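Welcome, and thanks for taking a look at this one with me. Please keep the sequence and the 3D view side by side as you read.

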Amino acid sequence: FDHMWSIALPVFANAEGVGAPSGRVARVLELMAAGVKDERIARTLGIGSRTVRRDIADLKEYLGVSSRTEIVAAAVRQGWL
């Protein structure tokens, strides 16, 4: 574990592209991509579930997609994940 931890890279290490999320939204995206449900994301980040849903809605609108799966796929194409 210690060895793997020491060589691990952050999920958003290369997220320097135009429009890449940062801060809380980046963490929401990371957890969403890992399959974590909204309520768990909220608890993990110490925010409300409505805030999580709003961040996800904002990502959908920004990326021009209509589902969580499409958000993750678009984020991968953008090089965010």
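## A valine to start from

V72 sits in helix α5, which covers residues 68-78; helices here are DSSP runs of H or I with at least four residues, strands are runs of E with at least two, and both are numbered from the N terminus. Setting aside neighbours within four places in sequence, V72 is in contact (heavy atoms within 4.5 Å) with M32, A33 and L81.

Before going on, a word about the model: it is predicted, local features need pLDDT of at least 70, side-chain atom pairs count only at pLDDT 80 or more, and totals for chains, interfaces and linings use all residues. Residues are numbered from 1 along each chain as its sequence is written, and side-chain values use heavy atoms, with hydrogens and water left out.

## The overall picture

The protein has five helices and zero strands, so from the N terminus its elements read α-α-α-α-α. Of its 81 residues, 30% are buried, where buried means under 20% relative accessible area, exposed means over 50%, and partly exposed lies in between (1.4 Å probe, protein chains only).

Among contacts with a separation of 6 or more, 47% join residues 24 or more positions apart. The exposed surface comes to about 5,500 Å², with carbon and sulfur atoms supplying 53% of it; these areas come from the Shrake-Rupley method with a 1.4 Å probe, and for residues only the protein chains shown count as cover.

Which residues of α4 are buried? They are T51, V52, D55, I56, L59 and L63. Seen down the axis of α4, these buried residues fall within an arc of 140°, so they line one face of the helix; the arc is taken from the directions from the helix axis to the C-beta atoms. An α-helix has 3.6 residues a turn, so residues three or four places apart point the same way. On the face turned away from the buried side, α4 carries the exposed residues R50 and E61. Cover for the buried residues of α4 includes α2 (23-33), α3 (38-45) and α5. After α4 comes G64, with a positive phi near 70°.

T51 belongs to α4 and counts as buried at 18% relative accessibility. Its C-alpha atom is separated by 9.5 Å from that of D38, 13 residues apart along the chain.

## Where α2 crosses α4

The axes of α2 and α4 come within 10 Å and cross at roughly 90°. Axes are lines fitted to C-alpha atoms, for helices over the stretch in contact, and angles run from 0 to 180 degrees between N-to-C directions. The two helices are therefore roughly perpendicular to each other (65 to 115 degrees; under 35 counts as roughly parallel, over 145 as roughly antiparallel, and the rest as oblique). R24, V25, V28, L29 and M32 in α2 meet T51, V52, R54, D55, I56 and L59 in α4.

A26, also in α2, is buried with a relative accessible area of 7%.

## Helix α3

In α3, the buried residues include D38, I41 and A42. Viewed down the axis of α3, its buried residues fall within an arc of 100°, so they line one face of the helix. Their cover includes α2, α4 and α5. G46 follows α3, and its phi is positive, near 70°.
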